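Subject: Structure handover, with notes on the aromatic rings

Dear colleague,

I am passing on the structure below, together with some notes on its aromatic side chains. Please look through it first, and then read on.

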Amino acid sequence: MDVNDLIKQIVNKYFEFYDIEPFEIDVHITNSLSEIYIKLRPDHINFFSKEELNKFNELHATIALPKKKTDPFCVILSDNYLRECVGKGNEDYIGTIAHEITHIIDYKTYYRISKAYNYDDIQSIKNNDRNYMFSQWTEYNARRQGYYFLRSIVWGEDIKGEESIEHIINKELPFHINHLTEVFESGDSYSKMYTTMQFLGRLRVWEDLFPDVFTPYLIHELLSSNLWIEELHDFFVSYDTLLKVYDRFEELKTILSHSFIFDWYLVVDKWEARLID
């Protein structure tokens, strides 16, 4: 099957899976994500340093939000990453595509309920607490929705089976705990917050699939060494959609202010078109 047809099939399956009315999404496959991004949004070229633009090329994928409401949303996907996954028989790229679609849907919803003038207004986090809180929530949500979609494709009817939970307990959970620990020990503030959101998104899927295993007691044991993360987890459980969390961004800000990594946002001193990955 042609790769573009395959990706179109994944996009349509996502819409069907989550019962979402289809809309236009352009997908660009490239090994220079920064080049395609600037081609799509040349007006953003001065918003990024050369180093920041180079970071685009380290991503598996990103999105470009439209300049005008009538322009299409775009997913930019790494060709090297896609080829590596397909070559190894690894379906992770399916979750990556679903992750980016979720971001797009979150931005569409946030644009509507916030009554923003344009998408640049909600992509900028400078001096805008609400946009920053949204940017964190959508990372959590994109991982949760994208990861659940991936598991449904990979495991099918066995998604709640014994082999599935054994794989989570013996492989996935230890890997992601170790990764989170490594990032907290040596990563920068952005990486720490980003990895926390990713971990909690996955954890929520595991809870939904296996509530008898991922009990409140186990969640407490996993997270209690960082009480703000446990508090963040409980907040996300209570407010699990953007419509629910939108009026609770001040509460989310309070929780994040308890972390030791929140200050990275407070020192942002320029317009920031945040990398959306």
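In this model, which is predicted, the charged end of arginine 202 sits over the ring of tyrosine 147, at 5.8 Å from the ring's centre.

Turning to contacts between rings, a pair of aromatic rings is described by how far apart the centres are and by the angle of the planes. With centres counted as paired when they lie within 6.5 Å, the structure holds 22 aromatic pairs. One of them joins phenylalanine 17 and phenylalanine 149, whose centres are 5.4 Å apart and whose planes meet at 75 degrees; because an angle over 60 degrees counts as edge-to-face, this pair is classed that way. The two residues come from distant parts of the chain, 132 residues apart, with phenylalanine 17 in helix H1 (residues 3-17) and phenylalanine 149 in helix H7 (residues 129-155). Phenylalanine 17 has 32% relative accessibility and so counts as partly exposed, whereas phenylalanine 149, at 1%, counts as buried.

Another edge-to-face pair is formed by tyrosine 246 and phenylalanine 249, with 5.8 Å from centre to centre and 70 degrees between the planes, and both of these residues are buried.

Finally, ring pairs link a cluster made up of Tyr14, Phe15, Phe17, Tyr18, Phe23, Phe73, Tyr111, Tyr119, Tyr148 and Phe149.

Notes. Residues are numbered from 1 along each chain as its sequence is written. This is a predicted model: local features need pLDDT of at least 70, side-chain atom pairs count only at pLDDT 80 or more; totals for chains, interfaces and linings use all residues. Side-chain values use heavy atoms; hydrogens and water are left out. Rings of Phe, Tyr and Trp (its six-membered ring) pair if their centres lie within 6.5 Å; planes under 30 degrees apart count as stacked, over 60 as edge-to-face and the rest as tilted. Helices (H or I, at least four residues) and strands (E, at least two) are DSSP runs, numbered from the N terminus. Buried means under 20% relative accessible area, exposed over 50%, partly exposed in between (1.4 Å probe, protein chains only). A charge sits over a ring if NZ of Lys or CZ of Arg is within 6 Å of the ring centre and within 35 degrees of the ring normal.
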